[in-house]
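Biologist: Hi! Could you walk me through this one? I'd like to start with how some of the side chains sit.

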Amino acid sequence: MNVIRAIQLYIDKMITDAGPGMKMLMMDRETISIVSMAFAQSEMLQKEVFLFERIDSARSNERLKYLKCIVFIRPTRDNVLRLQRELRSPKYGSYYINFSNIIPRTDIKALAESDESESVREVKEIYADYLPVNPNLFSLHIPTCLQALNWNPEALERSTQGLVSILLSFKFRPAIRYRAGSNVAQTLAKKVHETINKETALFSFRPPEDGAAPPLLLILDRRDDPITPLLNQWTYQAMVHELLTINKQRVDLSGVSGVPKDLKEVVLSTEQDEFYANNLYANFGEIATTIKVLMDEFQKKAHDQRKIESIADMKNFVETYPQFRKMSGTVTKHLVLISELSVQVGRQQLFEVSELEQEIACRADHSTQLQRVKKLVAEGKLGAANALRLVLLYAMRYERHANCDTSGLLKLLLDRGGRSYIVPRMLEYISTVARQELFNTVKITDAVKLTRNLIKELKGVENVYAQHECVLKGTLEEVIKGRPLDAQYPIMGNEVPFRRPPAEVIVFIVGGATYEEALAVHRYNQEGCRIVLGGTTIHNSGSFIEEVLAATAGVPFKHSRSLQQFHQAPPGTA
C-alpha cells in the first residue's frame, strides 16, 4: 500500500499506452500537481514527454500534428467543455484521453460528438485523483471543507471522489466505518457507500479468502482532536511544515535571508531525495548529526574529484559528476533548511513553548500552567502565534475548571495585538466527543482505556517534547487488535461486522490530517501493518486555525458566552 507507487503506475501506463514517439501532456490545475508529486520533469523527458500544457491556459494556433497529446484531467464539467473546444479544432495529431476518476457516460458522448476529425485514439478512466504526499499519506488539498460546522457541498463532492479513487487504486471494496456522533464523517461515509453500490461493475473485486475481514475505510473528524495540529513538532518533515510550510512538496525560502538564488524554492520529495526519504521522521537532534555525516562524505568526495591525474581519473570524474552534483545540491538544500529551523527554534523560544504545550496537552496542573502561560504571554518576547496557541490549549483543557481564567489570558493577548477572537471560535469548533475524552473530563468506564492511562502515568516520560499521543494512535490500536468498534465507529450499510481485524486500513480525516498522525501510521506500518492515512488537507497550526475560522463562520456562540467581549475580530482584522 504505497500511494506514490499507485500514482506512478497509472501515469506510466498512461504514457506507455500512447506508444513510442514524441508526446505532450495536457493537464489541469490539479492533475499537474498529482504528476509533479510522483515524477520529476527529467523523468518525464526520459519517457518521451517533451511538452507540458494546462488545458485552461491561453491557446496558440500553431499546429503540432507530429506530437501525440496525452490528456490527463479531472472529470469536471469545465474540463469537459474545454476538451470539447480542443477537439473541435485539434492542435495535435492524436489524443489519448485519461480522466482521473469516474466520468459520466453523457460527457463521453459529448466528447465523441465534438471529435469530428476523429483525432481521439482512446478514452480511459485512471484512478489517480489524490495528491501522494508520502508513501503512506495522501491529501486532497482542500484548505477548508466545512461551513457552519457542516460540509461545504463542493468539498464533500471532491472528498467522495478522492476516496472512491483511492479505493479503486488499491482495488478495495471496503467495510466503511465512521466516527459516531460526527455528522460530517457519517455524511461522507454514506456518499462513498452509495457510489460503491452504484458503480458495482468497477468494485466487483474478488472478496478476501478464508473468511478474512475486508479492507477497512475509517472516516474520522478533525473536531475530535483539535490538539494535535496546534502542537509544535520535532520530527524533520513536521518541523519544516510547521515553521516553513510545505505546499505540494515545495518549500518557499524566499523570505529567508542569505539563501542562494537557486534555493529560493526547494522541492522535498521522498522519491527524488534519498536523504529526505531516510530522515522524514528523524527528530531534530538526530537530523543535525545525520547532516554532519553527509557533509563529511560530501567533502571527501569533493576532495577526490580534485585529484585528476590520468585519463582514467578523467573518465571516472565524467561518470560520477552527475551523482556528485546531485549530492552537492542535496547537502546545500538540507543545510539551508536545518539552519533555518535552528534559527526559528531559538528566535521563537520553541524549547520552552513546546514543553509547556506538551504539559497542558498531557496533564492537569491548573495553577502552575496558568501562571506559566500568563508569564509567557505578558512578557511579549513570545511571538503572537505561539502565545495564541498556548492560550488555545489552556482554554480547551480548562474550559470547565472552576478557576478557569481564559478571559484574563485573552485580555493579555488582546493588549499585545493577538488574535483573541480565535479562542471562542475554537471552543465552538471542538466536538462533544473531544470535550468528554481528550482531557478525561468524564469518568472513564472503559477498562482498556483506564488501564492504558494508568500505565502511561506510571511509565513516566522519556522525552518532554514528545509526550503527546494523537487520538488516531489509540484508534488504530483498537482496530489492529480487533477490539469491538461498533459503539464508537458504526459500520455503514447492512454489512455484518467482522470479528477479525482488517489486513488493510485506509484512514481519512475530515478537516485535515497532520504529520504527527502520519508518524503514528508509519510506526504501525514498521510493525507489519498496512495502513494509509489521508485528509482533506495536511495541516500545520496556521492552516488549522484558518480552517477553524472558516468552519465556525456564522455559528452561534453556545460554549463561549462568557467570552462575549472577545467574539468579534477588531475592525480591519483578517
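Biologist: Is Trp234 buried or exposed?

Modeller: This is a predicted model, and in it Trp234 counts as buried, because its relative accessibility is 11%.

Biologist: Which ring does Trp234 stack with?

Modeller: Trp234 forms a stacked aromatic pair with Phe351. The centres are 5.0 Å apart, with 5 degrees between the planes.

Biologist: And where do those two residues lie?

Modeller: Trp234 is in the loop between β11 and α8, while Phe351 belongs to helix α12, residues 350–362. They are 117 residues apart in sequence, so the pair ties together separate parts of the chain.

Biologist: What about Phe351, how accessible is that one?

Modeller: Phe351 has a relative accessible area of 41%, so this residue is partly exposed.

Biologist: How many aromatic pairs are there?

Modeller: The count comes to 13 aromatic pairs. One of them joins Trp234 to Phe284, with ring centres 6.1 Å apart. The planes of Trp234 and Phe284 make an angle of 55 degrees, so that pair is tilted.

Biologist: Where does Phe284 sit?

Modeller: Phe284 is in helix α10, residues 284–306, and is 50 residues apart from Trp234, so this pair links distant parts of the chain too. Phe284 is buried, at 18% relative accessible area.

Biologist: Which residues make up the ring cluster?

Modeller: Trp234, Phe284, Phe351 and Tyr465 are linked into a cluster by ring pairs.

Biologist: Switching topic: which rings have a charged group over them?

Modeller: Two examples, then. Arg223 has its charged end over the ring of Tyr429, 6.0 Å from the ring's centre. Arg397 lies over the face of Tyr398, also at 6.0 Å from the ring centre.

Biologist: Back to α12. How do α12 and α13 cross?

Modeller: The axes of α12 and helix α13, residues 366–379, come within 11 Å and cross at roughly 150 degrees. The crossing is left-handed.

Biologist: Which residues meet there?

Modeller: From α12 there are Glu352, Glu355, Leu356, Glu359 and Ile360. They meet Gln369, Arg372, Val373 and Leu376 in α13.

Biologist: What classes are those residues?

Modeller: The contact of α12 with α13 has 4 nonpolar, 1 polar and 4 charged residues.

Notes
Residues are numbered from 1 along each chain as its sequence is written. This is a predicted model: local features need pLDDT of at least 70, side-chain atom pairs count only at pLDDT 80 or more; totals for chains, interfaces and linings use all residues. Side-chain values use heavy atoms; hydrogens and water are left out. Rings of Phe, Tyr and Trp (its six-membered ring) pair if their centres lie within 6.5 Å; planes under 30 degrees apart count as stacked, over 60 as edge-to-face and the rest as tilted. Helices (H or I, at least four residues) and strands (E, at least two) are DSSP runs, numbered from the N terminus. Buried means under 20% relative accessible area, exposed over 50%, partly exposed in between (1.4 Å probe, protein chains only). A charge sits over a ring if NZ of Lys or CZ of Arg is within 6 Å of the ring centre and within 35 degrees of the ring normal. Axes are lines fitted to C-alpha atoms, for helices over the stretch in contact, and angles run from 0 to 180 degrees between N-to-C directions. A crossing is left-handed if the near helix is turned anticlockwise from the far one by less than a right angle, and right-handed if clockwise. Contact means heavy atoms within 4.5 Å. Ala, Val, Leu, Ile, Met, Phe, Trp, Tyr, Cys and Pro count as nonpolar, Asp, Glu, Lys and Arg as charged, and the others, Gly among them, as polar.
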